[in-house]
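Here are my notes on the model you sent over. Have it open on screen while you read, and jump to whichever point you need.

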Amino acid sequence: TVLSLFPEDEVLLHTRLSPKAMSHFGRHHLTHRILAIDEIAGIEEEALAQIRSLLSRGKISAAYPQIDKQTGAIATVQKEVFGPTAIFTSTTHEELIDDETRSRFLILPVDESAEQTKRVMRALVRQGTKRGMTLDSERDRIRRKYRMIQKVLRPVRLVMPEDWEDQITFNSERISFKRKFAGYLFLISSLALHRRHQRKTRYEETGGGEMVEVAPVEAEDVREVNEIMRGI
């Protein structure tokens, strides 16, 4: 459902991911795209290490031998694949997620209560009714709307107030939470980016003399992300 809200040409959906596949993507094939793998079990360990690098460093760097067709000599070729890339996957076996991988992801649990199961069953029956047809049409309209929203977003620099540096806090007792905090801040920026057309933007000069468009991050963005994080 989440992936269906994004333009189809921006989502790369795979069942299995090998290390060779990761390092042989085009230089900018993954840039500003969603790489989705059906289940984390379909990601080989070496490919998972490359995904961690892509999330942390913003790129994959690989070196592999290649035979020169003219001389027959073997030379080492370096290949880089650039992000930023959003990685999306799922699993029914949480033990498959090691600590190094876990620290780079936001993990959303699924409601598997009896009440939720009943709601799912009722929804499946509803699909075959006249009301279900109406709801399908409404879902398609919402999907088209969200896909168009993604297409009209353009790069903008998001700016937080200076005094937030000491106000926005996070659990600092565990080293692994440093990455979680970065993800938390990224969520705040993402929410602000989607609201940029509702706010006044301005142009400011950077230290290098370049003019960039900036948009504010507001307190409501932080409050809503706090609710999201509590839910997670």
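1. **Overall make-up.** The chain has 7 helices and 8 strands; these are DSSP runs, with helices being H or I of at least four residues and strands being E of at least two, numbered from the N terminus. This is a predicted model, where local features need pLDDT of at least 70, side-chain atom pairs count only at pLDDT 80 or more, and totals for chains, interfaces and linings use all residues. Residues are numbered from 1 along each chain as its sequence is written, and side-chain values use heavy atoms, with hydrogens and water left out.

2. **Dimensions and burial.** Taken along the principal axes, the C-alpha atoms fill a box of roughly 70 × 50 × 40 Å. Of the 232 residues, 26% count as buried. Buried here means under 20% relative accessible area, exposed means over 50%, and partly exposed is in between (1.4 Å probe, protein chains only). Take contacts in the chain between residues at least 6 apart in sequence: 66% of them join residues at least 24 apart, where contact means heavy atoms within 4.5 Å.

3. **How H6 and H7 pack.** Two packed helices are described by the angle between their axes and the distance between the axes. For helix H6 (residues 177-194) and helix H7 (residues 219-231), the angle is about 130° and the axes are 9 Å apart. That makes H6 oblique to H7. On the cut-offs, under 35 degrees is roughly parallel, over 145 roughly antiparallel, 65 to 115 roughly perpendicular, and the rest oblique. The axes are lines fitted to C-alpha atoms, for helices over the stretch in contact, and angles run from 0 to 180 degrees between N-to-C directions.

4. **Handedness and the residues involved.** From H6, the contact uses Tyr184, Leu187, Ile188, Leu191 and Ala192, which meet Asp221, Val222, Glu224, Val225, Asn226, Ile228 and Met229 in H7. The residues of this contact divide into 9 nonpolar, 1 polar and 2 charged. For that tally, Ala, Val, Leu, Ile, Met, Phe, Trp, Tyr, Cys and Pro are nonpolar, Asp, Glu, Lys and Arg are charged, and the others, Gly among them, are polar.

5. **Leu193, also in H6.** Leu193 lies in helix H6 and counts as partly exposed at 23% relative accessibility. Leaving aside neighbours within four places in sequence, Leu193 is in contact with Leu153, Arg154, Val156 and Leu158. Leu193 and Arg154 are 39 residues apart in sequence, with their C-alpha atoms 9.0 Å apart in space.

6. **Thr101.** Is Thr101 buried or exposed? It is buried, at a relative accessible area of 1%. Thr101 is found in helix H3 (residues 99-102). Its side chain joins that of Arg52 through a polar contact of 2.8 Å. A polar contact is a pair of N or O atoms within 3.5 Å; within protein, one must be able to donate a hydrogen and the other to accept it, and residues adjacent in sequence count only if both atoms are side-chain atoms. Not counting residues up to four places away in sequence, Thr101 touches Leu48 and Arg52.

7. **Arg119.** This one lies in helix H4 (residues 114-126) and is partly exposed, at 41% relative accessibility. The side chains of Arg119 and Gln116 make a polar contact of 2.9 Å.

8. Ser4 sits in the segment before strand E1 (11-14), and a polar atom of its side chain lies 2.7 Å from the backbone oxygen of Thr1. Beyond neighbours within four places in sequence, Ser4 is in contact with Arg143 and Arg147. Phe6 lies in the segment before E1 and is partly exposed, with a relative accessible area of 24%. Not counting residues up to four places away, Phe6 touches Val11, Ile34, Arg147 and Gln150.

9. **Backbone points to check.** The peptide bond from Gly83 to Pro84 is cis, with omega near 5°. Pro84 is found in the loop between strand E4 (74-82) and strand E5 (85-89). His32 has a positive phi of about 55° although it is not a glycine. His32 is found in the loop between helix H1 (19-23) and strand E2 (33-37), and is exposed, with a relative accessible area of 60%.
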